[in-house]
Structures are given as structure tokens and as C-alpha cells.
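Me: Please take a close look at the aromatic side chains in this structure and at the nonpolar packing around them. Which rings pair, and where do the residues lie?

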Amino acid sequence: MLKKHKLSNIIFYIVIMLLVISVPLACKRKNRAPSKPTTPSGNTTTYTNVPETYTTDASDPDGDAIRFIWNMNNQIDTTDDNYITYSWQNTGTYSIKVKAIDEKNAESDWSDALSVTVQYNKAPTLDSIWSYDQTVITGSTVTFYAVASDSTDSVRVRFMSRPKNATTYTLRNWLPYQASGSTFQDMIQFSTADTYVVRAIAQDTKGSLSDTSPSLYIYVITPGVARPWIDTIIGPTVQPLYTFANLYNTFRTVAYDTVYDSVFVRFMYKKSTATSYTVKTWIGPKYTGSIFIDSIKFPSSTTVDTYYVRAIAKNKTGAQSDTTPIYKAIVYSGWVYTTPDNDEFYSSPALAQVGGEWILYLGGVDGYFYAVKAADGSEKWRKRSIYDPTSYPYEPDDEFYASPAVNLSLSDPHVYCGGVHGELYAYRTAAGIDWHWRFPDSSYDGVTDNEVSTSPAVSGNRIYVGMNTTYDPNEWRLFALQDNGSTWQVLNSYRTGIEIVSSPAIDGSGNVYFGNDSGYVICLNQNCGLIWRTRPHTGNYCIYSSPAIGPNAVYVGTDDGYLYALNRSNGNVIWRYPATTPLAGIRSSPVIGPDGTIYFGDDDGYLYALNPTTGALKSGFPVQLSDDFLTSTPAVAQDGTVIVYTYEDIVYGINPDGTIKWQVPLLGATAAKKPKMKKSRFLLEDILPSPTIGPDGTVYVASAQGGLYAIKGVNTSPLANSSWPKWRCNLNNTGKTTQ
């Protein structure tokens, strides 16, 4: 009985405990969702790009915090508040609905939808804002301006500002609406020193907003002095600048002053040995960060001078920057002559003393032949190539790629030059107002008009010149003409049956040497009778190089990349020397130095120097002077300096040991146009002009990028007294040696 009583007590207590536990579980309430939001309220008709605000309302039965999920025509967005601001980019009819979600993620049903019709409205435009004073002291009030436009509505503008490192703008009040195109202005006071960003935005009467304007920076400073700063000078080329006296050279720099904004710059220059600078006038004021440009013309002298160019900046308080580092300029005494259109030259100048003054003669590709005074580069005369504009009004101007030759043996000296239209012109050297004759003219139909393919060679009143024709190979020949003063006469000719580009050379006995396009070197007597004809190489390689005549040999380069020394008596090969690059080709003509060294350029860009007896390469050579063809013929001074002009428009002076003595980049080095330089069938335009050396050591060279240059002070020695020291042998370009 006792056991039964105890068991019943245990069961009783278990039941009581279960009841105690179940009572609170039964009392816990389930989370309820927020109520269905009210239909969104707001404008049901609006315009594109107009921000519209829509509101709703909902509650949570459990008192939970709620958020709102908006469906803006299937674009979902969530807000913590019961409103949303939205703008449509496209026209149409759209629906808006919303539902609420509490913090336990219980969601209400979607509200009823609100239908919104969106019509098109073109947003206004806003020009960049501006102010007349971007650098001010603390406490200043600055006036800002902006122009807003709208094709159909009136517009209004509001400005905004913030410190540069802040993230939010302080918005100004909207200015009143005005007509489209009006200028709006507002004033902002700045109390604290800082850099501020100011922008503006426009709105039309329909509510459409423009893009926000670009930023305008305002520099607010405490009263005091601040210094500007200035960039390194930039010149026409990289340092050092190689230039000529009495020519304008442009220099530029950039100056800054973020405190006072406006800044001035002045340039200054002096000779490296001088103690003070020549100071230019101040340029400015300009805004900070502006480019300042000035030109400097260095004075002439008899030597090569080094000049230092510097610049300095100042602000409106007078505080100055540090002076820029030195920009170095190497200034050559000399001059530059340019054609009216700054045309290039391929013709190599002839130098002759006529009427007591030295004159340079050369033809241009612009249809004019030029006579330029060697003393100062002034123009003596220039003559159009049209023989008789009255009789031949539609005849085109000729172009001169061949080089001229001067004949001083006549009582009325002539200068000869051939053009690409197939005519050899004989100009009066002194006057230049006309020429006595041209060959061929209407009285001679033995050749058709095509290029005069070589530079003429002159011996007394005899002229030897190669002419190519278009149709009949039998008319490709070397002519021997006689200059009778006012008329010409054909004495003889030698038919080659192939084109001639290699210009003829005449020795002391009157024999004539030249090469042709079949690779033959030909020797004729003065009456064009054949003495010998040889092809020194195996294969059909053209000869564009013109021969140079030495005491015992004639030297010529060929398109197989070899320079040949040929016996003057029979044409046999004495020796040959290969260029560095096989088959690079030699279009530069050889010259002979005062010690007999043979110099020539190769299409691989190297200058070579060979022993005249053995053909061995001289120590220190070859010297690479160009990354392209080296087709110009060198000139050698009496002290052994070799003058070379390259495709890059640079003139070099090379010592006899192969080292560079000096170099002069011509002004054409920065020009946009470049030499043609292409291997083509007709190559006169591919052979660059060659330099010459005056009696006082002045170097004269025409540029294939524009201009005729006289370079003084770099070379004090005159032309070498050798048998063939330059292109066409001598200053007059006669192509005739006394040996």
C-alpha cells in the first residue's frame, strides 16, 4: 500500500511540472506582418528627367520598425522612410506599388498601384561657371556667373560650394526663373582659408535638371606673400639646341601660382662666358598653369658660341619663383636662306665668284633657279624655269634635282642646270633675268623631252650631260654640247641604250667617265669616242654613283654594294671593297682627301674611308652617321675634316681618324616633311644634296627639308687641294679635274 501511495505522488508531481512548462509556451505570440501600404501618392503626370517624390503609409501590429520596398515599373528599390524620389528617363505610362517589411523580415502584401504618365521634356543646359577672381583672401565675397538655356522653358540656377576635401556641398538658394540664355550670378563669402570647389545646376519650369557644371576652384588664403613656381624650359629640340645666329628660336615653359592665380614669366639669355643676362619683357598675366612662349634671336659672331637660356615667374604681388635650370643652345655663325614656300632642295649648290662677290647657285623643286649671295644669304636673283611664259603660257614649271655647274671661261659666264622636263638651261650668272638658251628647244627634235638625268660636266665651252628619254632607248645617251654664248650646238653624243644617272667626270686630258643603268663604267674621249667600257661586277647592278678621278685610278660605287678602283687606261679592276651590308648599294659618290684617302657613303648609313692603293679600310671606319641611306656625297677640307650631310638633316664634321669633330642639326630637323628616299627607277630625287666648303672654311649645304645653309666657325680650313675633294670636283661643280 505504501509503494502504491508513493507512485501516485510521483505521477502527480510530473503532471504539475508539465503544466508549469506548457503554460508560457502556449502564451508566446507569432510575429505578424506589417499592414498593406496605402496606394503611393504623388504626381500622376510628369516629365522626363524630373525628380518626383512619392509617399505611402503602413504600420506594424507588433510595433516593429519597418522599411519599404518600391516597385517602380519593375525597378526595385528599398527605403527606410515612407517616401522615394525618382525620375524617368523615357516617356510612357508606368505603375508604382510598394510593400512593407519589418525587422524580422515579415513582408506585407503589395499596395494598390499608382499609374504615372511621363511626357518628354528636354533638360536645360548650363555653361561652365566663371568668376573674375579665383584667388582671394579670407572674408572675401566672390561673385559667380553662369548661363543657362532651355529650348521651351524659363530656367533657374543654383550654386553650390564645398571645401576641396569635403564630401558634401552647401547648396545656395535657387535664383529666380529667367528667360533662356540669361546670365545668372550669385555671391558666396569665404571665411576660412582653403581651396573650394564651386559648381552650379539649372532647372526648367517643368522641373528637369541640367547636368552639374564642371568644377571651378577658388583659392582662399590668409593675407601674406606666396611664391609662384615654374617648369623647366622646353626649346625647339632636345638640349642642346643647335641653331644659327639671327634666326628666331621659340622657347616655352609653364608657370603656376595657386594662391594668387595670375602669374607672369620672362625669359633671359646670355653667352656662356658673359657675366649678365639679356632680359626679355614680362609676359602676362596669365592663369596659373598657362603656357608662356617667347622667341630669342641670338646675335651673330665669327665663332661657335654657347648660350644659356633661363626663365623666371612672378605673381601679382611681385614675389618671384626660382630661376629655371639652364637650357643650353649652341649657336653657329652663318645664315639660312629659304624659298618663299620653304621648299626643299635636292640640287647641290655651285659656288663661284662673279663680279667680285661669291654667289651660290642651285635649282629648286618649286620651279625656280636661285642665286644667293654667299656673304649674307640674301637673294641675288631667282628665275622661273619656264623658258618663255609669253609663248608657252601653259608650260609647267620645271623641277631641279640635278646639280648646276658654272662656266667662268665664257666672256658672259653661264650656269647650267637640267630639269626633269628634259631641258638643260643656260642662265647668265650675273643678271639671271633670263637665259641665253635651253637644250633641246623647238629647233632640235633629236631627243624627246624627259629628265636631264645627270649633272653637267664642263670643260671650256664644252658641256657633257646625260639625257634619258621615255620612248626610244636609242636616244638614251650622253651629249657633248658646245656653248656659243647665246646659242648651243650638238657636237657629238654616245648612245648607251639604257638610262644614265651617274654624272660624267672629266680628267685633265679631256676624257669623260660615267656609269649607266646596266652597270657599265664607260670612258669616252672628248669627241664621245669610246676608249673602254667595262662592267666591273658580275650581275646586272645599276650605277648611280658618279666617278671620282684620282691620279692613277677612277673610283665609282655600284648597286652591288662595292666601291671599285678602275685603271684609267683600260678600265680593269685594281681593287674593290664591299660595304658592311651586302647589296646595300652605293649611291653616294666617292671623294678624295688631301692624303689620297677615298671617302664615300653607303646605303647602310655608314661613312667609309679606304686606302687609295690597296682598298683597305682605314682605322676608325666605317662610322655610322644615319639610320637610313647615306646618299649625299662628302666634302673634304684641307685639314682632313670630312663634311657629311645625312637623311636626318644633320651636317657632320668627321676627323680623319673617324671621330666626330662637330655636328649641326639643321632647322629642318623639326619639320614635318621628310626626304623621299625610296629606291625607284629614277633616282635623282633619292640622292640628297651634297655640301661644299668655301675659301674661308664656311660650309654650305642645301637641305632636303628646306633651306640653304651657311655654317661658319665650325671649319676653318678651305676645300682640300686634292684631285677630287667634293661632289663634282670643285667649287664651280664642273666635274673636271686637272689630273
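Reply:

**Aromatic pairs and nonpolar cores**

In this predicted model, a search of the whole structure turns up 40 aromatic pairs. One of them joins Tyr555 and Trp575, with 6.0 Å from centre to centre and 40° between the planes, a tilted arrangement. Tyr555 belongs to strand 42 (residues 553-557) and Trp575 to strand 44 (residues 573-578), so this pair ties together parts that are 20 residues apart in sequence. Tyr555 has a relative accessible area of 5%, which means that it is buried, as the limit is under 20%. Trp575, at 7% relative accessibility, counts as buried too.

Tyr606 and Tyr608 form another tilted pair, with centres 6.5 Å apart and an angle of 50° between the planes.

Tyr361, Phe369, Trp381, Phe400, Tyr425 and Tyr427 make up one aromatic cluster.

Charged side chains also lie over rings. Arg382 is placed over the face of Tyr368, 4.7 Å from the ring centre. The charged end of Lys206 sits over the ring of Tyr47, at 5.6 Å from its centre.

Next, the nonpolar packing. In soluble globular proteins, nonpolar side chains tend to be buried together. The largest nonpolar core in this model has 41 residues, and the residues with the most contacts inside it are Phe244, Trp335, Val651, Val664, Leu666, Leu708 and Ile711. Two or more residues each come from strand 24 (327-337), strand 26 (357-363), strand 27 (368-373), strand 50 (642-645), strand 52 (660-665), strand 54 (699-702) and strand 55. Strand 24 gives the most to this core, namely five residues.

Trp335 shows what such packing looks like at one side chain. Setting aside neighbours within four places in sequence, Trp335 is in contact with Phe244, Leu360 and Val372, with Lys373, Ala374, Ala375, Asp376 and Gly377, and with Tyr700, Leu708, Tyr709 and Ala710. A second, separate core has 27 residues, including Ala505, Trp532, Ala548 and Ile592.

Pro725 is buried, with a relative accessible area of 2%. The C-alpha atoms of Pro725 and Ile549 are separated by 9.9 Å, while the two residues are 176 residues apart along the chain.

Five strands form an open sheet in the order 9-15-14-11-12, and the pairing is mixed. Strand 9 (135-137) and strand 12 (170-171) are the edge strands, each pairing on one side only. Strand 9 and strand 15 (residues 216-221) run parallel and are joined by three bridges. Val136 has Val220 in strand 15 as its bridge partner.

Technical notes: Residues are numbered from 1 along each chain as its sequence is written. This is a predicted model: local features need pLDDT of at least 70, side-chain atom pairs count only at pLDDT 80 or more; totals for chains, interfaces and linings use all residues. Side-chain values use heavy atoms; hydrogens and water are left out. Rings of Phe, Tyr and Trp (its six-membered ring) pair if their centres lie within 6.5 Å; planes under 30 degrees apart count as stacked, over 60 as edge-to-face and the rest as tilted. Helices (H or I, at least four residues) and strands (E, at least two) are DSSP runs, numbered from the N terminus. Buried means under 20% relative accessible area, exposed over 50%, partly exposed in between (1.4 Å probe, protein chains only). A charge sits over a ring if NZ of Lys or CZ of Arg is within 6 Å of the ring centre and within 35 degrees of the ring normal. Two strands pair if DSSP finds at least two bridges between them. A nonpolar core is a set of buried Ala, Val, Leu, Ile, Met, Phe, Trp, Tyr and Cys residues joined through side-chain atoms within 4.5 Å. Contact means heavy atoms within 4.5 Å.
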